[in-house]
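Subject: Structure for you to look at

Hi,

Here is the model I promised to pass on.

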Amino acid sequence: MDYLPAETVEYPGTGEVDAAVIWLHGLGADGHDFPPIVPQLLVERQLQIRYIFPHAPEIPVTINNGWRMRAWYDIQALNVDRHVDVAQLLASARRVQDLVDRERERGIASERILIGGFSQGGAVAFEAALTYPAPLAGLFSLSSYLATAATLQVAPVQSSLPILVCHGDSDGVVPEALGRRSVLALNELGLMATYHTYPMEHAVCPAEILEIGRFISRTLT
């Protein structure tokens, strides 16, 4: 099976686990972006979780003058409609689903696996989680948007999937309106999401990190 990307950062790297969180970074970052905040999540002590932070491939990105950087898909225009390369986004989502399959092969039940992501990673997480053909534990999207709302075919087993959407109310990169629009689109698809805003720009903040930890704890206990 061809996993994307070939390398991932895992936290912890060793130890017996019974759950997994696959967490996707944003444009230009890599899998080392979010591991430092794992201890700040303060998830329930009894949970034995493996956190997987994949590296996106390096590709040319149009809005950055075609420079190559780590990205889950190309963005052709940085406007409110977010003109993205949908084919690349779908390909990344399929590879993330490959990582879910790998965790299942390693002994983790699908119902014990969450998918989440920040910015670009959140857009891929939406697609990967909501189209996965086996039940998952949850989905979280941070400072992101539902890029495939017009084409998304939700797998029936995800109809009651717990979803957390978080956004900064001063986000100048991905406007908060896109976060709210994502929740409305989810509602139209028959899905329910919990929505939180925070006084921040395109980032994460301590209160949000704690909410993510609570969400993980709720979905896995």
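**What I found**

Strand β1 (residues 8-11) runs antiparallel to β3, with four bridges joining the two. If you want a spot to start from, Thr8 sits opposite Pro54 in β3. Do keep in mind that this is a predicted model.

On its other pairing, β3 goes with strand β2 (residues 19-24), this time in the parallel sense and again over four bridges. Here Ala19 is the residue that faces Ile49 in β3.

So how much of β3 is buried? Six of the six residues in this strand (residues 49-54) are, so the rest of the structure largely encloses it. Both faces are covered: Ile49, Tyr51 and Phe53 are buried on one side, and Arg50, Ile52 and Pro54 are buried on the other.

Zooming out, these strands belong to an open sheet of seven, in the order β1-β3-β2-β8-β9-β10-β11, and the pairing is mixed. The edges are taken by β1 and β11 (194-198), each of which has a single partner strand, so one side of each has no neighbour in the sheet. On average, neighbouring strands of this sheet are turned by 15 degrees against each other, ignoring direction.

Further along the sheet, strand β9 (residues 138-142) pairs with strand β10 (residues 163-168) in the parallel sense, over four bridges. Look for Leu139, which stands opposite Ile163 in β10.

**The helices on the sheet**

Which strands does helix α4 (residues 206-220) lie across? They are β2, β3, β8 (113-118), β9, β10 and β11, and the helix runs at about 170 degrees to β9.

Helix α3 (residues 176-188) lies across β10 and β11, at about 160 degrees to β10. I also checked its length: at 1.5 Å a residue, the 13 residues of α3 should span 18 Å, and the end C-alpha atoms are 19 Å apart, which agrees.

Let me know what you think once you have had a look.

Cheers

How values were computed: Residues numbered from 1 in each chain as written. Predicted model: local features only at pLDDT ≥ 70, side-chain atom pairs only at ≥ 80, totals over all residues. Heavy atoms only, no water. Buried < 20%, exposed > 50% of the residue type's maximum accessible area, 1.4 Å probe, protein only. Pairing = 2+ DSSP bridges. Axes fitted to C-alpha atoms, helices over the stretch in contact; angles between N-to-C directions. Contact = heavy atoms within 4.5 Å. Expected span 1.5 Å × (residues − 1).
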